[in-house]
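Subject: Structure for your files

Dear colleague,

Here is the structure I said I would pass on. My notes on what was found in it follow below.

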Amino acid sequence: MIKNINLCAVSVCAALSVGTAWGADGDYQLEQVLMLSRHNLRAPLANNGSVLQQATKKSWPSWQVPGGQLTTKGGILEVYMGNYTREWLVRQGLIKAGECPTDNTVYAYANSLQRTLATAQYFITGAFPGCDVPVSHQDEMGAMDPIFNPVITNGNADFHKQALNDLADADKKLALKPALQRLEKIIDYRTSPECSGKKKCDLSDSEQNKFTADNGKEPGVSGPLRTANALVDAFTLQYYEGMPLDQVAWGQIKTAEQWKALSAIKNAYQDTLFGTPAIARNVAAPLLDYMRSMLVDQDKDSAPKVTLMVGHDSNIGSVLTALDFKPYILPLQNEETPIGGMLVFERWHDKKANRDLAKVEYVYQSTEQLRNALPLSLDAPPQRVTLQMNGCQPDANGYCPWDQFVNVLNVALQNTAMAPQPAADAAAAAAKAAQQKAADDKAAAEKAAQQKAADDKAAAEKAAQQKAAADKAAAEKAAQQKAAADKAAAEKAAQQKAAADKAAAEKATQQKAADDKAATEQAAQEKAAADKAAADKAAADKASQQKVPADNNASASVSVKATEGAGGQ
C-alpha cells in the first residue's frame, strides 16, 4: 500500500531556476515530465564491522547522521534542485508562477527509506514552497518498495546461469588495476583487519570477486570489487559533504586525475551489477512498468503533468541499460549516476506537425556545485546532458517520435512479468479496466460528495464563527465608539459649563465692582452733599448766631438813646 506524506513548506528555500538549454522551439509545448531521481547526499556505512571498518585500520571521520541517512546538506542541495525545477516548469508553461499546483498536477513517489523519502520531501519544499503537495510511499518504512527494489525476479535456471556468465564477463573487461593499487596505498590495505592472516591480499585480484544472481535478491558481488566500491563511495561522500581536504581520504587524493581514476571503480561496480541487458531489464521491470503507466497508459490530459520518483543509483543504472541508452559523458562529474541527479523524461507536443515527441535529459550538479553547495539559478544552472536511446531516432535537438519511445519501453518489458499483454488479453484487460474505472469513478464521486459535504459544513461553521467574531468585534467597536462619544460629550459639556460659570462669575464680579463703585460714588456724593448741607447749616447757624447779638446791641443802643432823650423836658 502506498501512503501519502504532506509536507508544507519551510523557510529554507533559496532562489533557484533551470538552465536555458531546457527551452524549446516556439512550435514545441512541454506537456508532461517524469523525473527519476537518485537520492541526495547521505552518510556512508562506516559502523563497526562494516566493509569500511574491515578495509583499513585508519579512523573514519564521524557524521552527524546515522549511516545511510540523508544529511542536512543533502536536504539543502535538494531544495536547490527543487527550486530550480520549479522555475523551469514555469518557463515551459507547465505550472503557473506564484501559485500552488492544482490537484493531480504534481505527483511525488519515493522509495520507503529515509534518504529517498527525505530527498523527495526536500525537493517538494523547494519546488512548491507553502503548497500542500504530498509525497507517496509504501506503509512499511525501512523496507524496499517493490517498485524501486532492483531484485531479480526470474527463478529460471537458464536465466540464472546466463546472468552469472554476464557478470563474470563484465568483470573481466574491467581495467582498474592502477586505480585499485592506488586505493590500497591510501587505506594501507595489507595491514587491515580484512587482510589479517592472509598470505595474498590485494584489491586488484579480480579472481577473488564472487558474483550472485539469486531470485528475489539484488545482483551482488563479494570480494575486492565490493570493498573498493564502498571505499570510493565513502571518499566521494566526504568530498561532497565539504569536509576539509586533509580529512577526505586522509588527504591522499590530491588531483582531479586521481579522483577520476578512483571514481572509475565505483562506476565499474554499478555497470557490472546493473549494466548487463538481461539483468537490467529484469530488475528494472517493475519500475519501467510503473513509468509506462504514468507516461503511456494514462490519458495525457488526466495524467499528472509532473511526476517525481526518488530511488537509487541502481534504479537509474538499470533503467539506462534496459532502455538501451547510448553511452554518455557527464561533464564536470566523475560519477555516471551522480548524487541527486535525475533522468528527466519529457513529453513535448509539436503544434506545427501535430505530433508528440520524447526527450530525455540527465540533470545533475557538478562535483564542485555539490561540495560548495552552490545555489542554482538561470545564470548558474545545474549540468545537463541530452541522452539518446537506440530505437528512438533523435533530431538535431534530441527529440524523437513519441511512438518510438513507447516502443522502446515495450521492448524493454518483453520477457518480463510486466510485458505488455497480447491483443485478446488486452481487450479483456481493457474491459476489466473499464469496470475498475467505473468503480473507481463511483468511489471517487462518493468520496468527493462526502468531502464536499464535509467541506461545506466546515465552511459554514467557519463562516458562522467568522460572523460571530465579526459581530462581536463590531459590537465591541460600537460600544467603544459610544463610550468615546459619551466621554467627549461629557467633557465638552463640562468645558462649556466651566466656561459659562467662569463668564458668569466674571460678569458678577464686574457687576459687583460697578455696583460697589456706583454705591461708593453715590455715598461720596451724598456725604459731600450732607457735608455741604451741614457746612451750609453750620454757616447759617453761625451767621444767625452772629446776627442776634448785633440786633441786641442795636436795640440796646436805641433804648439808651431814648432814655437819654426823655430826661431833658
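Two strands are taken to pair if DSSP finds at least two bridges between them. Strand β10 is largely enclosed by the rest of the structure, because 4 of its 5 residues are buried.

Please keep in mind that this is a predicted model.

Overall picture

The protein has 569 residues, of which 41% count as buried. It contains 12 helices and 11 strands. Taking contacts between residues at least 6 apart in sequence, 79% join residues at least 24 apart. The exposed surface comes to about 30100 Å², and carbon and sulfur atoms supply 53% of that area.

Strand β7 (residues 306–311) is mostly covered, with 6 of its 6 residues buried. In a regular strand, side chains alternate between the two faces of the sheet. In β7, Val 306, Leu 308 and Val 310 point one way, while Thr 307, Met 309 and Gly 311 point the other way, and all are buried.

Which strands pair with β7? One of them is strand β2 (residues 28–38), which pairs with β7 in the parallel sense over 6 bridges. There, Leu 36 stands opposite Met 309. Strand β3 (residues 106–110) also pairs with β7 in the parallel sense, over 5 bridges. In that pairing, Ala 110 has Val 310 of β7 as its bridge partner.

Helix α3 (residues 114–127) has 14 residues and reaches 20 Å from its first C-alpha to its last, close to the 20 Å expected at 1.5 Å a residue. Is α3 mostly covered or mostly uncovered? It is mostly covered, as 12 of its 14 residues are buried. Among the buried residues of α3 are Arg 115, Leu 117, Gln 121, Phe 123 and Ile 124.

Why does Ser 263 count as buried? Its relative accessible area is 5%, and buried means under 20%. Leaving aside neighbours within four places in sequence, Ser 263 is in contact with Val 232 and Asn 334.

Aromatic rings

A pair of aromatic rings is described by the distance of the centres and the angle of the planes. A search of the whole structure finds 13 aromatic pairs. One of these is formed by Tyr 362 and Tyr 364, which are edge-to-face, at 6.1 Å centre to centre with 90° between the planes. Both Tyr 362 and Tyr 364 are buried.

Ring pairs also link Tyr 107, Tyr 109, Phe 148 and Tyr 290 into a cluster. Elsewhere, Arg 371 lies over the face of Tyr 239, at 4.6 Å from the ring centre.

Regards

Key: Residues are numbered from 1 along each chain as its sequence is written. This is a predicted model: local features need pLDDT of at least 70, side-chain atom pairs count only at pLDDT 80 or more; totals for chains, interfaces and linings use all residues. Side-chain values use heavy atoms; hydrogens and water are left out. Helices (H or I, at least four residues) and strands (E, at least two) are DSSP runs, numbered from the N terminus. Buried means under 20% relative accessible area, exposed over 50%, partly exposed in between (1.4 Å probe, protein chains only). Contact means heavy atoms within 4.5 Å. Accessible areas come from the Shrake-Rupley method with a 1.4 Å probe; for residues, only the protein chains shown count as cover. Rings of Phe, Tyr and Trp (its six-membered ring) pair if their centres lie within 6.5 Å; planes under 30 degrees apart count as stacked, over 60 as edge-to-face and the rest as tilted. A charge sits over a ring if NZ of Lys or CZ of Arg is within 6 Å of the ring centre and within 35 degrees of the ring normal. The expected span of a helix is 1.5 Å times one less than its number of residues.
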